[in-house]
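Here's a quick tour for anyone meeting this structure for the very first time. Have a look at it, then work through the points below.

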Amino acid sequence: MLTRADLVCEDAFVGGKWVQARSGDTIDVINPARGDVIARVPDLSRAEVAEAIASGETARHDWAKRTAKDRAGVLRKWFNLMMDHQEDLAIILTAEQGKPIAEARGEIGYGASFIEWFAEEAKRIYGETIPGHQPNLRINVIKQPIGVAAGITPWNFPNAMIARKVAPALAAGCAFIIRPSELTPLSALAMGKLAQEAGVPDGLFSVVTTSDASGTGKEFCENEAVRKLTFTGSTQVGRILLKQAADQVMKCSMELGGNAPFIVFDDADLDEAVTGAIACKFRNNGQTCVCANRIYVQSGVYDAFAEKLKIAVEKLQIGDGFADGTTLGPMIEAKAVKKVENHLADALSKGATVITGGKPHKDGGMFYEPTIVTGATQDMAVATEETFGPFAPLFKFDDVDDVIAQANDTIFGLAAYFYAKDLSRVTKVAEALEYGIVGVNTGIISTEVAPFGGVKQSGLGREGSRHGIEDYLEMKYICMSV
Ligand code: ADP
């Protein structure tokens, strides 16, 4: 039960005001577990998105002039409000996204942690003093907010993906406009409501709900007031946005697709490896960009690992995210289910064998059985594409160098995981994996204190840690003759 029904907002948040679309058009928000419409949010036009940008441009100057401590205080209040309303925010999240309520609570805590972290980091935006290159010259380097930043986020983490962007933007002294996924706008709007209550000035943070993804992307890239674009989503859309942003030479952060390898060496603790694989493969029903996509197991432990993983997977409980004991919710939409089916069919046609799952769940709809196949090979679609679903293919390997080559044989480079004990092997493999994030003997790597981001075609920039705020700052060097 919601304690604050007003956190379910059916207006967009533009320039500090709660508004409907001038056209009167709305977007249906659908609960993926039941398929029913739970809310309707405004479907804003490109012109209305531009108004949000204009209000950000107006608001940012006074905000940037405030002391860092003052900005930090507002963010801290926002963090406190998010945590005070963690349960309500989790209920809204599960209702629109489907993940089990325990995972939704975790996401709210995780999202809020970025607001807390960057509230603290606001006070540590240090410059530099460099010894002058002539006796009369003094050189100072200062860091200043980049200006208006705009973000586009997906549906898999409707709260945390936004928090990771808006928190460093506001901490740095920027204004921020978010266009949440049209599938999950309610979590974003609830964040807007709490930001307003925390004292975030009008216009500094806007939430534009619109079904016009490409028009909004163009407005963000073409509007001269926007100086920074931050995107989380597919590599395909990331490429489009980077090309568009080039015209204005706009600073971009991109958190794009992954194709995470998860390697189990024969000296691994198999029980721990299974626990890690379950957490990493099936969290959010496999719908995260850091989910294991390819599980490589050394031949000496292949059968034993497969059997243990099967037992663990068969304990997962599929159902409505609000039902007691549910550990796997629905997939987000029919397209997502289809992708799992396609990867499975492709694997089976190339010689893989299903050892558990392999079909839609008896409840139908967006529910699909968690599936493991053995006998996966590098020529299968799953070896090169991200499944984004509860499909775990087990590849067999013998040689360490071979598995590293296979793990790196992808355009992606976001997260990789491996389980091993030998210290020399651990060090060499961690260094050889071409990924931005490597989990060693752990399947969970996300935290606000570490730099999250990918290499290769998985992205540009980092979110979280002391590095995350740099993406919202410009450096200015001041050369002074005395
Ligand atoms: P996913 O498969 O995770 O939804 P997408 O890259 O398709 O990944 O979508 C991520 C976000 O980008 C979503 O909010 C989507 O609506 C938005 N989006 C899709 N196409 C475009 C585009 N051409 N320009 C801007 N945003 C887009």
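Helices (H or I, at least four residues) and strands (E, at least two) are DSSP runs here, numbered from the N terminus. What you're looking at is a predicted model, where local features need pLDDT of at least 70, side-chain atom pairs count only at pLDDT 80 or more, and totals for chains, interfaces and linings use all residues. Residue numbers start from 1 along each chain, following the sequence as written.

**The annotated domain**

- UniProt, in an unreviewed entry, has the annotation "domain: Aldehyde dehydrogenase" over residues 18-478.
- Residues 18-478 are 41% helix and 21% strand, and the end C-alpha atoms of the span lie 42 Å apart.

**The nonpolar cores**

- A word on burial before we start: a residue is buried if 20 or more other C-beta atoms lie within 10 Å of its own, exposed if 12 or fewer, and partly exposed in between, with C-beta atoms placed from the backbone.
- A nonpolar core is then a set of buried Ala, Val, Leu, Ile, Met, Phe, Trp, Tyr and Cys residues joined through C-beta atoms within 7 Å.
- The largest core has 83 residues, and the members that touch the most others are Leu75, Trp78, Ile115, Phe118, Leu170, Cys174 and Phe176.
- Helix H5 (residues 160-172) supplies the largest share of this core, with 10 residues.
- There's also a second, separate core of 64 residues, and its members include Ile278, Cys289, Phe412 and Ala420.
- Back to Leu170: leaving aside neighbours within four places in sequence, its contacts (C-beta atoms, placed from the backbone, within 7 Å) are Arg71, Leu75, Phe176, Val200, Leu204 and Phe205.

**Around the ligand**

- The shell around the ligand holds 14 residues, and Ala213, Gly217, Gly233, Ser234 and Val237 come nearest; a residue is near a molecule or strand if its C-beta atom, placed from the backbone, lies within 6 Å of it.
- Helix H7 (213-222) and helix H8 (235-246) are the elements that give two or more residues to this shell.
- H7 provides the largest share, 4 residues.
- By type, the shell splits into 6 nonpolar, 7 polar and 1 charged.

**The annotated active site**

- The unreviewed UniProt entry puts the feature "active site" at Glu255.
- You'll find Glu255 in strand S11 (residues 251-255).
- Glu255 counts as buried because it has 28 C-beta neighbours inside 10 Å.

**An enclosed strand**

- Strand S12 (residues 260-264) is largely enclosed by the rest of the structure, because 5 of its 5 residues are buried.
- In a regular strand, side chains alternate between the two faces of the sheet.
- Ala260, Phe262 and Val264 point one way from S12, while Pro261 and Ile263 point the other way.
- S12 runs parallel to strand S13 (residues 292-298), and 5 bridges join them; strands pair if DSSP finds at least two bridges between them.
- Val264 has Val297 as its bridge partner in S13.

**Loops worth a look**

- Most residues other than glycine have a negative phi.
- Val249 isn't a glycine, yet has a positive phi of about 50°.
- Val249 sits in the loop between H8 and S11, and counts as exposed because it has 7 C-beta neighbours inside 10 Å.
- Gln248 is also found in the loop between H8 and S11, and is in contact with Cys221 and Glu224, leaving aside neighbours within four places in sequence.
- Gln248 counts as partly exposed, with 15 C-beta neighbours inside 10 Å.
- Ser465, again not a glycine, has a positive phi of about 70°.
- Ser465 lies in the loop between strand S19 (459-460) and strand S20 (473-481), and is partly exposed, with 17 other C-beta atoms within 10 Å.

How values were computed:
Two residues are in contact if their C-beta atoms, placed from the backbone, lie within 7 Å. Ala, Val, Leu, Ile, Met, Phe, Trp, Tyr, Cys and Pro count as nonpolar, Asp, Glu, Lys and Arg as charged, and the others, Gly among them, as polar. UniProt positions are given in the numbering used here, feature names are shortened, and annotations may be inferred rather than shown by experiment.
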